[in-house]
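Me: I'd like to go through a protein model with you and ask where the labels come from. Can you set each one against its definition?

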Amino acid sequence: MKISFHGAAGEVTGSCHLVETTAGRILLDCGLIQGGKERHERNRAPFEFVAADIDVVVLSHAHIDHSGRLPLLRKAGYRGPIYATPATIDLVRILLVDSGHIHEEDARWTIKRLRKKGKDASHITPLYTQADALAVMEQFVPVDFNDWVRLDGLGRVRFVAAGHILGAAIVELEIEDGDACRHVTFSGDLGVEGARLLSRPAQVESPEVLLMESTYGDRDRDEEDDRTEALFKVVRDTVERGGKVVIPSFAVGRTQEILARLNDLVESGRLRGVPVFVDSPMAVEATAVFTRFPDVYSKDARRKYCSGDAPLEFDGLRLVTKVQESKAINASRMPSVIISASGMCTAGRVKHHLKNEISNARSTILFVGYQARGSLGQIIQSGVSPVRIHGEWFDVRARVEQIPGFSAHADRTGLIEWYDGLGGNPDHTFVVHGDPEAAAALAATLRQREANVIVPQRGESYEI
Ligand SMILES: [Zn+2]
């Protein structure tokens, strides 16, 4: 058996690993490279394997750093099945179509810029289009959690819940290899203890070969010091001042986690009469997907759902899709909560809400997620004033708050607890999906358990 690492090896994004045996070739994930100067070049570079020679693709979850190059894999000639959970398939459709849209916009913008300078722009094309994204969706094959499913002539696959985002799976493979059957487990991205909607990662038994993520391999996050309480305080104080709370949030996952907590506050009677707007077409679509898959919620959320109380529906919640409605929110002076994308304020409707509220001393801008260096979100968070939005300058008079700790990734302790739950060291453990320091730290901890650990680098292959 040979395993090759083509992305998320020595780095976080671009998850892509190839498992080859005498029976065939299985590709685990095919993600977009995000961040870093050479990302454009790398995303456009040809695959280091022959796409048409892949027999099966298995997708751990919908996030674009795991799924975002699938349209390119199809364009490179792959026409076989892509196995994923039903919830992942619904979410990945939203994310890939959005990704196609962004690439089309980027190309259009670059062409415009080049032409303005009198330069040739005939070579500029989108990385892929919305049509490319829709085309690859036809290759998806749904696989429910916990069922072993046969892969034609290759062996079998099973998904168990990883708890990271809706539909996210730990992938277990039993692959034929000559007369042997090789047991390979891919952790995908592992979720957290204490999320409102999803459970902690399911436990699996120790495989022969483990590919394990290490995003937070060197860090423990603060204890869950009641994020619902922190959210309540920000909303209550802002409403008392007569302002609005603008929450820039990622459309998939984070928005629903915030909604579930607002749901608790409204239904316990602590928050009354405050309209909550979700103003992002993508977040509204993603929320609809969450409501379609209550069977993959955590036990608590499922119990609530069974008793007739949907965790993402409450009085005062309005899901906004039309531009007219979005403008009406801006026109109203009534205190409210506005959850809008993009999460780092780099695009989308949240910029309009920021323009309206950022100079209003009664209002609050509340950050609930990571802000990359140089993004508008990070600039606001760092206390700079004035800030530029859509070419205009605005003084920052609104309060700027943040509630950290809403990550969907297991921290150091969570990762190690999951590993210890395997009940023994795998023969080989490959630590992937982490910055060099995080991967090295997790590897060192696992070696203390006498595990045979390798931190593979991109482009490396291992014969096992
Ligand atoms: Zn992820």
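This is a predicted model: local features need pLDDT of at least 70, side-chain atom pairs count only at pLDDT 80 or more; totals for chains, interfaces and linings use all residues.

Me: What makes something a strand or a helix here?

Reply: Both are DSSP runs, numbered from the N terminus: a helix is H or I over at least four residues, and a strand is E over at least two. For example, helix α4 covers residues 86-116 and holds Arg108.

Me: Why are β20 and β21 said to pair?

Reply: Pairing requires that DSSP finds at least two bridges between the strands. β20 and β21 (residues 453-454) have two bridges, in the parallel sense, so they meet the definition.

Me: How do you know whether His433 is buried or exposed?

Reply: Count the other C-beta atoms (placed from the backbone) within 10 Å of its own: 20 or more is buried, 12 or fewer is exposed, and in between is partly exposed. His433 has 33 such neighbours, so it's buried. It lies in the loop between β20 (428-432) and α14 (436-447), and its phi is near 50°, a positive value in a residue other than glycine.

Me: And which label do Cys345 and Arg108 get?

Reply: Cys345 has 26 C-beta neighbours inside 10 Å, so it counts as buried. Cys345 also has a positive phi, about 65°, although it isn't a glycine. Arg108 has 12 other C-beta atoms within 10 Å, so it's exposed.

Me: Why is β20 called largely enclosed?

Reply: Four of its five residues are buried, so the rest of the structure largely encloses β20.

Me: What makes a group of residues a nonpolar core?

Reply: They must be buried Ala, Val, Leu, Ile, Met, Phe, Trp, Tyr or Cys residues joined through C-beta atoms within 7 Å. The largest such core has 129 residues, and Leu91 and Val337 have the most contacts inside it. Helix α4 gives the most to this core, with eight residues.

Me: What does Val337 touch?

Reply: Contact means that the two C-beta atoms, placed from the backbone, lie within 7 Å. Leaving out residues up to four places away in sequence, Val337 touches Val235, Val245, Ile247, Leu262, Val274, Val276 and Phe277.

Me: Where do the domain bounds come from?

Reply: They come from an automatic or database domain assignment. Domain 1 is 2-219 + 408-463 and domain 2 is 227-402. Their contact takes 19 residues from domain 1 and 20 residues from domain 2. On the domain 1 side, α4 gives the most, with six residues.

Me: Which peptide bonds are cis?

Reply: Among them are Ala341 to Ser342, with omega near 10°, and Ser385 to Pro386, with omega about 0°. Ser342 is in the loop between β15 (336-340) and α11 (350-357), while Pro386 is in the loop between α12 (376-381) and β17 (387-389).

Definitions and conventions
Residues are numbered from 1 along each chain as its sequence is written.
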